[in-house]
Amino acid sequence: MVAIETKKLAQRIAAAAKSKKAQKVVILDMRKVAAFCDYFVISGATSLRHANAIAHGIEEDLAKD
């Protein structure tokens, strides 16, 4: 896998979630408050089926590399 900057990765994940109609997509910068991650990407879904579609869409987008 090609190394990618973490901010760009978070933005790519957010874009993939938005393409699946995720609601209220937010990228939180965690670099100053947590040592185990750089960013959290949080979004909402209308149902469990919708949440699964969002997750699958993100996985498919990231698998392209």
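**View 1. Asp-61, a buried residue of helix 2**. In this predicted model, Asp-61 has a relative accessibility of 18% and counts as buried (buried means under 20% relative accessible area, exposed over 50%, and partly exposed in between, with a 1.4 Å probe and protein chains only). Asp-61 belongs to helix 2, which spans residues 48-63 (helices are DSSP runs of H or I with at least four residues, strands are runs of E with at least two, and both are numbered from the N terminus). Apart from residues up to four places away in sequence, Asp-61 touches Arg-12 and Ala-16, where contact means heavy atoms within 4.5 Å.

**View 2. His-50 and the backbone oxygens of Lys-20 and Lys-21**. His-50 also has its place in helix 2 and is buried, at a relative accessible area of 14%. A polar atom of the His-50 side chain lies 3.0 Å from the backbone oxygen of Lys-20, and the side chain of His-50 reaches the backbone oxygen of Lys-21 at 3.4 Å. With neighbours within four places in sequence left aside, His-50 is in contact with Lys-20, Lys-21, Ala-22 and Ala-45.

**View 3. Val-26 in strand 1**. Val-26, a residue of strand 1, is partly exposed, with a relative accessible area of 37%.

**Notes.** Residues are numbered from 1 along each chain as its sequence is written, and side-chain values use heavy atoms, without hydrogens or water. Because the model is predicted, local features need pLDDT of at least 70 and side-chain atom pairs count only at pLDDT 80 or more, whereas totals for chains, interfaces and linings use all residues.

Terms used
A polar contact is a pair of N or O atoms within 3.5 Å; within protein, one must be able to donate a hydrogen and the other to accept it, and residues adjacent in sequence count only if both atoms are side-chain atoms.
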